[in-house]
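These are my notebook entries on one structure.

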Amino acid sequence: MTAIANRHEILFLYEARDCNPNGDPLDENRPRTDPETGVATVSDVRLKRTVRDYLLSLEPDVAKRLAAGQEILIRDTLKADGHLAEGKDRAEQFLDAAAKGKKGEAKRQALEEAVTRGCIDARLFGATLPLGKAEPSLQLTGPVQFSAFNRSLHRVSPTLVQQTAAYAGNATANQKSFAERWLLPYALIAAYGVANEVAARSTGLTEDDLGRLFAGLWQGTAALNTHSKLGHDPLLLVVADYQPGYRLGALTQRLALANQRVEDTALRSTQDFELEVGALLDAWRVYPRLRGLRIMQDSRLRCRAGEQVGDFMTLARAAGLTVTALDL
């Protein structure tokens with residue numbers, strides 16, 4: 001299939017209720033926050049992990065994933081001895097047949113072809129894999145990149161929760177121990193990404209791959225089901241399609257909360273605010289390189305553009321923008 005020809009921006013809003021959107025393992029797994037502004041932050045790595053886990057769940061058979069070009073390169077795999085594979089071990093898993101008898105740049109090229117052909121996450125996000133001593137490493141820049149930190153649109157209040165553990169804390173205890181975990185009562189997080197058509201030529205990223213990415217963001221977020229992640233719900237996904245080489249930029253900075261019923265840290269649901277999108281729609285309306293918008297929205301999210309209130313698609317059409325619905 002043909003690589004994408006146009007540039008795309010991705011705006012993805014989701015809520016996290018009574019859970020931990022992105023814990024910091026170096027700080028007791030506290031939810032990541034900006035120490036200056038008090039807003040929640042979610043790394044690009046966390047967003048990509050959500051997409052990868054969703055795509056991985058669609059087909060449990062590795063051979064079938066590889067044959068369909070839907071394998072996930074960055075996932076936990078084991079060596080023959082049962083230990084967790086390193087980067088060079090993962091590379092060797094793709095080189096058995098592809099690079100037989102090859103060395104140096106020819107070996108690296110064989111790995112690149114095998115990885116981009118078989119792994120959708122390599123086509124989306126790129127890859128870095130070592131080949132061993134005196135061998136060139138595989139380095140692919142991913143066409144799809146998200147902001148290093150994606151922020152909530154309001155200040156948050158991390159909360160430490162104590163609860164009874166399942167077992168006693170030591171061999172002589174007569175009662176169960178206590179467990180602690182950090183969570184956020186509520187966070188509305190706005191994520192931003194770009195799909196670059198120039199980098200797509202290197203990895204072979206296709207429009208079909210992008211469609212799977214969008215599904216991974218929406219459906220993958222809704223499917224988060226671990227103890228720390230249950231409570232995530234997607235609210236708004238907007239894909240802005242541009243002419244090659246152009247993008248508006250700063251999408252999340254053109255959003256704000258309006259008509260808040262309570263202070264930032266007391267927000268608990270979409271009933272407590274409206275999303276002001278007027279500045280974003282105005283910027284798109286006068287941007288000549290925009291081809292159109294693709295939108296998916298949860299009806300619980302109420303949007304506002306000045307005095308107009310409605311869903312994002314209705315407001316975008318009222319602003320004179322070309323709009324279609326995403327079907328995920």
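I took helices (H or I, at least four residues) and strands (E, at least two) as DSSP runs, numbered from the N terminus. The model is predicted, with local features needing pLDDT of at least 70 and side-chain atom pairs counting only at pLDDT 80 or more, while totals for chains, interfaces and linings use all residues. Residues are numbered from 1 along each chain as its sequence is written, and side-chain values use heavy atoms, with hydrogens and water left out.

**Entry 1: backbone angles**

I looked up aspartate 18, which sits in strand S1 (residues 8-19). Its phi is positive, about 50°, although aspartate 18 is not a glycine. Alanine 250, also not a glycine, has a positive phi near 55°. I found alanine 250 in the loop between strand S11 (232-242) and strand S12 (256-258). Buried means under 20% relative accessible area, exposed over 50%, and partly exposed in between (1.4 Å probe, protein chains only). Alanine 250 has a relative accessible area of 33%, so it is partly exposed.

**Entry 2: serine 43**

Is serine 43 buried or exposed? Serine 43 is buried, as its relative accessible area is 12%. Serine 43 belongs to strand S4 (residues 39-43). I counted a contact as heavy atoms within 4.5 Å. Apart from neighbours within four places in sequence, serine 43 touches Asn22, Ala148, Phe149 and Asn150.

**Entry 3: helix pairs**

Two packed helices are described by the angle between their axes and the distance between the axes. The axes are lines fitted to C-alpha atoms, for helices over the stretch in contact, and the angles run from 0 to 180 degrees between N-to-C directions.

Helix H1 (residues 44-57) packs with helix H7 (residues 207-222) at about 95°, and their axes are 8 Å apart. H1 is therefore roughly perpendicular to H7. Angles of 65 to 115 degrees count as roughly perpendicular, under 35 as roughly parallel, over 145 as roughly antiparallel, and the rest as oblique. On the H1 side the contact is made by Thr50, Val51, Tyr54 and Leu55. H7 brings residues including Arg212, Leu213 and Gly220. I sorted residues by class: Ala, Val, Leu, Ile, Met, Phe, Trp, Tyr, Cys and Pro are nonpolar, Asp, Glu, Lys and Arg charged, and the others, Gly among them, polar. The contact of H1 with H7 has 6 nonpolar, 5 polar and 1 charged residues.

For helix H3 (residues 87-95) and helix H4 (residues 104-118), the axes come within 9 Å and cross at roughly 80°. H3 is therefore roughly perpendicular to H4. Ala91, Glu92, Phe94 and Leu95 of H3 meet Lys107, Leu111, Ala114 and Val115 of H4. This contact has 6 nonpolar, no polar and 2 charged residues.

On a 1 Å grid over the protein atoms alone, a cavity is a set of points where a 1.4 Å probe fits but cannot get out; a pocket is an open set with protein on both sides within 12 Å along at least five of seven lines; lining residues have an atom within 4 Å of a point. Grid points are joined across faces, edges and corners, and a volume is the space filled by probe spheres set on the points.

The largest pocket has a volume of about 170 Å³. Which element gives the most to its lining? H1 does, with 5 residues. The pocket lining has 3 nonpolar, 6 polar and 3 charged residues.

I found 1 cavity of 30 Å³ or more. The largest cavity holds about 60 Å³. Its lining includes Phe12, Arg46 and His232.
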